[in-house]
Amino acid sequence: QAQLVESGGGLVQFGRSLRLSCVGSGFMFSASYMKWFRQAPGEERDFVAGISKTGNTKSYAASVKGRFTISRDNAKNTLFLQMDSLNPGDTAIYYCNSEPPRPDWGQGTQVTVSS
C-alpha cells in the first residue's frame, strides 16, 4: 500500500522561500518518476514539476520555471521542492505523486503567500 506524506508548507511573505518535502513508502520510490502538483481553491490540480528516477531529468511548469527546483533523495525515499521568489499566485495545496499516480493521494501541504 503506497503512502505519500507532504510537509513543509506554511504562510510566507511575498518574495520569500519555502522548501517542501514528500516522503513515499509502500512502492518503488527510486524506480518512479515523481511529480509535484498544486491545487488552488476552485481550480483543478495542476502539474508543477517532475523529476526522473535518478534526478538527471527535470521538468517545470512555465509559471514556476526559474523559481522552483525539484530534487530527490532516493536513499530516504524523499522528494523535495525548493520554492524561491514566492508570490501570491503560488498559494495552493501542494501534493506529490508518481507517474502514473498512485490511487491514494496524500493530504498535501498548504502554501500561502501573502502580499
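How many aromatic pairs are there by the ring rule? I used the rule that rings of Phe, Tyr and Trp (its six-membered ring) pair if their centres lie within 6.5 Å, with planes under 30 degrees apart called stacked, over 60 edge-to-face and the rest tilted. By this rule I get three aromatic pairs.

**Before going on**

I noted that this is a predicted model, where local features need pLDDT of at least 70, side-chain atom pairs count only at pLDDT 80 or more, and totals for chains, interfaces and linings use all residues. Residues are numbered from 1 along each chain as its sequence is written, and side-chain values use heavy atoms, with hydrogens and water left out.

**Entry: rings**

I looked up Phe27 and Phe29: their ring centres are 6.2 Å apart and their planes stand at 55°, so I call this pair tilted. For accessibility, I took buried as under 20% relative accessible area, exposed as over 50% and partly exposed as in between (1.4 Å probe, protein chains only). Phe27 has 12% and is buried; Phe29 has 1% and is buried too.

Next I checked Phe37 and Trp105, which make an edge-to-face pair with 5.1 Å from centre to centre and 70° between the planes. Where do the two residues of this pair sit in the chain? Phe37 is in strand S4 (residues 33-39), while Trp105 is in the loop between strand S9 (92-99) and strand S10 (109-114), and they are 68 residues apart. Phe37 is buried at 12% relative accessibility, whereas Trp105 is partly exposed at 27%. I also wrote down that Phe37, Tyr95 and Trp105 form one aromatic cluster.

**Entry: charges over rings**

My rule here was NZ of Lys or CZ of Arg within 6 Å of the ring centre and within 35 degrees of the ring normal. The charged end of Arg45 sits over the ring of Trp105, 3.7 Å from its centre. I found Arg72 over the face of Phe29, at 4.7 Å from the ring centre.

**Entry: a sheet**

Strands are DSSP runs (E, at least two residues), numbered from the N terminus, and two of them pair if DSSP finds at least two bridges between them. I traced an open sheet of four strands in the order S1-S3-S8-S7, with antiparallel pairing. Its edge strands, each pairing on one side only, are S1 (3-7) and S7 (68-73). Six bridges join S7 to the antiparallel strand S8 (residues 78-83). Which residue of S8 is the bridge partner of Ile70? I found Leu81 there.
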